[in-house]
Amino acid sequence: NPVAVTFGAGCLARLPARVGTRRAVVVTFPEAAALGLHARVEKLLGSRLRGFVADIAPNPDVAELRSLYARFWRDYADCEVVVALGGGSALDTAKALIVRTSSGAFGELEDALAAGAAFAPPSAKALITVPTTAGTGSEVTPWATVWDRAAHRKFSLHLDATWPEAALVDPDLTATLPASVTLQSGLDALSHALESIWNVNANPVSDALAVAAAKSMLATVPA
């Protein structure tokens, strides 16, 4: 796994070092500002921060991504790095946004997903992930789930360009989650571990990690 993972309480403070001198834009969830996350990131990044994209919807849909993608590349074309701050939907949305199409329109990527065709973006922005939930594991994978509800379809975006370069996993960021979301995230992670065990590509190493993860979650998640 090529993602440089930093784990620990308070490790969000390492974001400036990860961003370096690059210009950054933050893709996050609508409630982030009210929770004080905008102010924290602004204080950390200062003039390197160009803005926030916070009007994202749960489970990103192609109909919503088309206009969001156009606005993102219009307003933040000069940013070298995207900081994805949030749960799985924020991280998946960021992965869809960072990929530059030849035409500059999201429809080009959408068509490739629908056709199951290979897609080689001419360029892409770097991605740093900062998860605020514990469910999807999207912060350390290149995978993003993109929905097309009108066509009753779900796509999996997976490109070399959608690997995050780094993940800052700060458990303090999960402390304000509602109890129901904490439970749902834990059950989501548990299901990932169980799916790994019966996956046709399972092997002794993945089985050992999956069993250890499942035992940990069963001991932690309230009954």
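Two strands pair if DSSP finds at least two bridges between them. Keep that in mind for later.

First, the ground rules. This is a predicted model, where local features need pLDDT of at least 70, side-chain atom pairs count only at pLDDT 80 or more, and totals for chains, interfaces and linings use all residues. Residues are numbered from 1 along each chain as its sequence is written, and side-chain values use heavy atoms, leaving out hydrogens and water.

Now the whole protein. We have seven helices and 10 strands. Both are DSSP runs, numbered from the N terminus: helices are H or I with at least four residues, strands are E with at least two. The radius of gyration is 17 Å, close to the 17 Å from the globule rule for 223 residues, so the protein is as compact as a globular protein of that length. That radius is taken over C-alpha atoms, and the rule is 2.2 Å times the number of residues to the power 0.38.

What share of the 223 residues is buried? The figure is 43%. Buried means under 20% relative accessible area, with a 1.4 Å probe and protein chains only.

Next, zoom in on strand 8, residues 143–148. In a regular strand the side chains alternate between the two faces of the sheet. Here A144, V146 and D148 point to one face and are buried.

Which way do strand 8 and strand 9 run? They are antiparallel, joined by six bridges. Strand 9 covers residues 153–158.

How values were computed. Buried < 20%, exposed > 50% of the residue type's maximum accessible area, 1.4 Å probe, protein only.
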